[in-house]
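Biologist: Could you take me through this structure slowly, and tell me for each label what rule stands behind it?

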Amino acid sequence: MDYQHLSTLLWREQEFLDLLLFKAEEKQYLIVTGKTRWLARIAHEIEVVLDQLRTLEVERAAVTESIAVELGLDANPSLRQVADAAPAPWNDLFGKHHESLLVLVTELRGLSESNRGLIEGGLAAIDEAMLSVRPPTAGTYGASGRTTAGAHRAVTLDGAL
């Protein structure tokens with residue numbers, strides 16, 4: 001039955017979104033603690049989960065489309081529209097899936113924006129630190145053992161001249 005298949009896909013989608021939320025929290029921990037060594041790895045793990053979500057979305061869209069035809073809905077209906085038109089008990093179950101997905105997506109957006117802010121703040125701090133560092137001036141040591149900037153310059157002569 002298509003209703004059962006859609007419900008199973010929605011459960012899987014919630015699991016993937018929950019995993020994505022976990023990965024985003026891991027990323028935030030790495031950013032806050034300064035353990036940047038692992039940022040590339042967590043970014044790859046997030047991409048893997050996103051790829052799985054994209055694949056699931058395609059399957060969910062196909063199943064939703066077949067249910068829409070069965071329910072007499074327009075093409076490409078939202079989950080809310082399917083929930084409103086589905087018979088009991090599916091209408092209630094799809095409505096709960098919809099609410100759960102909204103909560104997860106809202107949490108992900110907030111965490112993603114927070115992580116972006118932390119990264120941008122870190123980059124700004126690095127830029128500021130780089131601007132405050134002056135490049136060393138080329139100088140030589142004088143008779144006193146101190147450098148004398150620009151007074152003399154070390155030169156290597158080619159003995160063939």
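Modeller: Let us begin with a contact between two side chains: Glu 45 and Lys 23 meet in a salt bridge, with N and O 2.7 Å apart. The pair links distant parts of the chain, for Glu 45 lies in helix α2 and Lys 23 in helix α1, 22 residues apart. Please keep in mind that this is a predicted model, in which local features need pLDDT of at least 70 and side-chain atom pairs count only at pLDDT 80 or more, while totals for chains, interfaces and linings use all residues. Residues are numbered from 1 along each chain as its sequence is written, and side-chain values use heavy atoms, with hydrogens and water left out.

Biologist: Why is the contact of Glu 45 and Lys 23 called a salt bridge?

Modeller: The term asks for a side-chain nitrogen of Lys or Arg within 4 Å of a carboxyl oxygen of Asp or Glu. The N to O distance for Glu 45 and Lys 23 is 2.7 Å, so the pair meets the rule. By this rule the count comes to 8 salt bridges.

Biologist: What makes Lys 23 part of a network of salt bridges?

Modeller: Lys 23 also forms a salt bridge with Glu 26, where the closest N and O atoms are 3.5 Å apart. Glu 26 and Lys 23 are 3 residues apart in helix α1, which means that about one helical turn separates them. The network as a whole links Lys 23, Glu 26, Arg 41 and Glu 45.

Biologist: Which parts of the chain does the salt bridge of Glu 13 and Arg 60 tie together?

Modeller: The closest N and O atoms of Glu 13 and Arg 60 are 3.2 Å apart. Glu 13 lies in helix α1 and Arg 60 in helix α2, so the pair ties together parts that are 47 residues apart in sequence. Both Glu 13 and Arg 60 are buried.

Biologist: You keep naming helices; what makes a stretch count as a helix or a strand?

Modeller: Helices (H or I, at least four residues) and strands (E, at least two) are DSSP runs, numbered from the N terminus. The protein chain has 4 helices and 2 strands, and from the N terminus on its elements run α-α-α-α-β-β.

Biologist: Why is the pair of Tyr 3 and Phe 94 called tilted?

Modeller: A pair of aromatic rings is described by the distance of the centres and the angle of the planes. Rings of Phe, Tyr and Trp (its six-membered ring) pair if their centres lie within 6.5 Å, and planes under 30 degrees apart count as stacked, over 60 as edge-to-face and the rest as tilted. A search of the whole structure finds 3 aromatic pairs. The rings of Tyr 3 and Phe 94 have centres 6.3 Å apart and planes at 45°, so this pair is tilted. The pair links distant parts of the chain, with Tyr 3 in helix α1 and Phe 94 in helix α4 (residues 90-132), 91 residues apart. Tyr 3 and Phe 94 are both buried, and ring pairs link Tyr 3, Trp 90 and Phe 94 into a cluster.

Biologist: Where does Pro 89 lie, and what kind of peptide bond joins Ala 88 and Pro 89?

Modeller: Pro 89 lies in the loop between α3 (79-85) and α4. The peptide bond that joins Ala 88 and Pro 89 is cis, with omega at about 0°.

Biologist: Why does Asn 76 count as exposed?

Modeller: Asn 76 has a relative accessibility of 64%, so Asn 76 counts as exposed. Asn 76 lies in the loop between α2 (39-71) and α3, and its phi is near 55°, a positive value in a residue other than glycine.

Key: Buried < 20%, exposed > 50% of the residue type's maximum accessible area, 1.4 Å probe, protein only.
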